Amino acid sequence: QIIMTPTNFEPQTIANTLWAMAKFKSFPEGDVLQAIKNKIVPNVDRFTMQGTTNTLWALMKLGQHPTGNLADSIRIRLTAQSTQSPPGPDESNTVRVRDGLLSVRPMIRADTEILRALQARALTFKGEFTAQTTSSLLWSLTRIRQPNIINRQLVAALEDSAIKNCLSFRPDTLVIILWSLAKLQHPISAQFFEAFAQPLSRALPSLTENERIILGWSLQILGFQDRD
């Protein structure tokens, strides 16, 4: 109801509403996505850094895919499950088979204009990124399935922020950072590996077996073994 109301729009209200919907897995239906677009795109310059981050995270958490219809979304999810890479954070339950029947989480059709607008807005805050903002935005970008939609300048800015904040990440968040950059096929700088070497060494004893598998795959994809 808040989203569909045409008056009294405040960017933070939309950000908070979408964040809550994602947290409670309340999936939008019908004309809600168009209403979201009508509110976000013309007003994106009014979004704060946290509001931008939360909105993009919520839209990705709700299962949006910028490829069109439900059938395409199902195909993408099935393809993703069949790759050789281990499932990343929060990916293991996207497709489930129970009693021989395929169960797919409800999805809504995404709009590339929303995704591009939010990414461009996020980039304007690159000098202010915190550790939490960095990990959240990187994870969100991994959910965008079409590479040409991803703002590569934003990914580069997030790498710089990860270097700056490397000592502030929890052990499991370090894994998310490495996994996200690997999934995004981002070329990592030597400075990044130098900054993360010590935090990763300290984090290893507290990682779960699954986190270690994800970390090992990420480091391999990023070319860590080729570094001196």
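Start with the middle of the fold: the largest nonpolar core has 62 residues, and Phe 192 and Phe 196 touch the most other members. A nonpolar core here is a set of buried Ala, Val, Leu, Ile, Met, Phe, Trp, Tyr and Cys residues joined through side-chain atoms within 4.5 Å. Buried means under 20% relative accessible area, exposed over 50%, and partly exposed in between, with a 1.4 Å probe and protein chains only. Helix α8 (residues 171-183) gives this core its largest share, seven residues. Leaving out residues up to four places away in sequence, Phe 192 touches Glu 159, Ala 162, Ile 163, Ile 177, Leu 178 and Leu 181; contact means heavy atoms within 4.5 Å.

A quick word on what you're looking at. This is a predicted model, where local features need pLDDT of at least 70 and side-chain atom pairs count only at pLDDT 80 or more, while totals for chains, interfaces and linings use all residues. Residues are numbered from 1 along each chain as its sequence is written, and side-chain values use heavy atoms, with hydrogens and water left out.

Now the overall layout. The chain has 10 helices and two strands, in the order α-α-α-α-β-β-α-α-α-α-α-α from the N terminus. Helices (H or I, at least four residues) and strands (E, at least two) are DSSP runs, numbered from the N terminus. Of the 228 residues, 51% count as buried. Take the contacts between residues at least 6 apart in sequence: 82% of them join residues at least 24 apart.

Here are two of the helices, side by side. The expected span is 1.5 Å times one less than the number of residues.

| Helix | Residues in helix | End-to-end C-alpha distance | Expected span |
|---|---|---|---|
| α6 | 12 residues | 17 Å | 16 Å |

Helix α6 is mostly covered, with 11 of its 12 residues buried. Its buried residues pack against α3, α5 (112-123), α7 (152-164) and α8.

How do α3 and α6 meet, and at what angle do their axes cross? The axes of α3 (residues 49-61) and α6 (residues 131-142) come within 9 Å and cross at roughly 35°. Axes are lines fitted to C-alpha atoms, for helices over the stretch in contact, and angles run from 0 to 180 degrees between N-to-C directions. On the α3 side, the residues involved include Leu 56, Trp 57 and Met 60, and on the α6 side they include Leu 137, Trp 139 and Leu 141. By class, this contact has seven nonpolar, six polar and one charged residues. Ala, Val, Leu, Ile, Met, Phe, Trp, Tyr, Cys and Pro count as nonpolar, Asp, Glu, Lys and Arg as charged, and the others, Gly among them, as polar.

Over in helix α7 sits Leu 154, which is buried, with a relative accessible area of 0%. Setting aside neighbours within four places in sequence, Leu 154 is in contact with Gln 119, Ala 122, Leu 123, Phe 129 and Leu 141. Leu 154 and Arg 121 are 33 residues apart in sequence, and their C-alpha atoms are 9.7 Å apart in space.

Back to α8. Its buried residues include Leu 174, Ile 177, Leu 178 and Leu 181, and what covers them includes α6, α7, α9 and α10 (209-221). Just after α8, Gln 185 takes a positive phi of about 55°, although Gln 185 is not a glycine. Most residues other than glycine have a negative phi. Gln 185 is in the loop between α8 and α9 (190-203), and at 68% relative accessibility it counts as exposed.
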